[in-house]
Amino acid sequence: MSVRFVGIDPDTDRDHCPTVWVDTEAGELLFQGWEPDTATRVHCEAASPANGPVPAGEAIIRIPARMVPMIREACDAIERANVRTATPSL
């Protein structure tokens, strides 16, 4: 596994720390974030073209906008690794 740390929320208190990693081997971005409240989760599920609630093994997470530069860096790392991404069909 080739997971590389990209960044942590610059405003973290080190107890609640949204984080970004990249796995260039698997071609995946990894995020740690906050779970949304029930109302937000229900709204996200209703606004999704997917059928039904978020399934087990998947999650909706919140990442603060101040982490956009880290997410861009993770995306760049995936692209540099020449990982091809497919558009999922819904």
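Me: In which helix is the place of Glu 45?
Reply: This is a predicted model, in which local features need pLDDT of at least 70, side-chain atom pairs count only at pLDDT 80 or more, and totals for chains, interfaces and linings use all residues. Residues are numbered from 1 along each chain as its sequence is written, and side-chain values use heavy atoms, with hydrogens and water left out. Helices (DSSP runs of H or I, at least four residues) and strands (runs of E, at least two) are numbered from the N terminus. The helix that spans residues 38-47 and holds Glu 45 is α1.

Me: Is Glu 45 buried or exposed?
Reply: Buried means under 20% relative accessible area, exposed over 50%, and partly exposed in between (1.4 Å probe, protein chains only). Glu 45 has a relative accessible area of 18%, so Glu 45 is buried.

Me: Which residues are in contact with Glu 45, leaving aside its neighbours within four places in sequence?
Reply: Contact means heavy atoms within 4.5 Å. With those neighbours left aside, the contacts of Glu 45 are Gly 52, Pro 53 and Val 54.

Me: How many disulfides does a search of the whole structure find, and why?
Reply: A disulfide is counted when a pair of cysteine sulfur atoms lies within 2.5 Å. The sulfur of Cys 44 has its closest cysteine sulfur in Cys 75, 19 Å away, which is too far for a bond. Cys 75 is likewise in no disulfide. The number found in the whole structure is zero.

Me: What is the order of the strands in the open sheet?
Reply: Strands pair if DSSP finds at least two bridges between them. β1 and β2 pair in the antiparallel sense over five bridges, and Phe 5 has Trp 21 of β2 as its bridge partner. The edge strands, each pairing on one side only, are β1 (3-8) and β3 (28-32). The order is β1-β2-β3.
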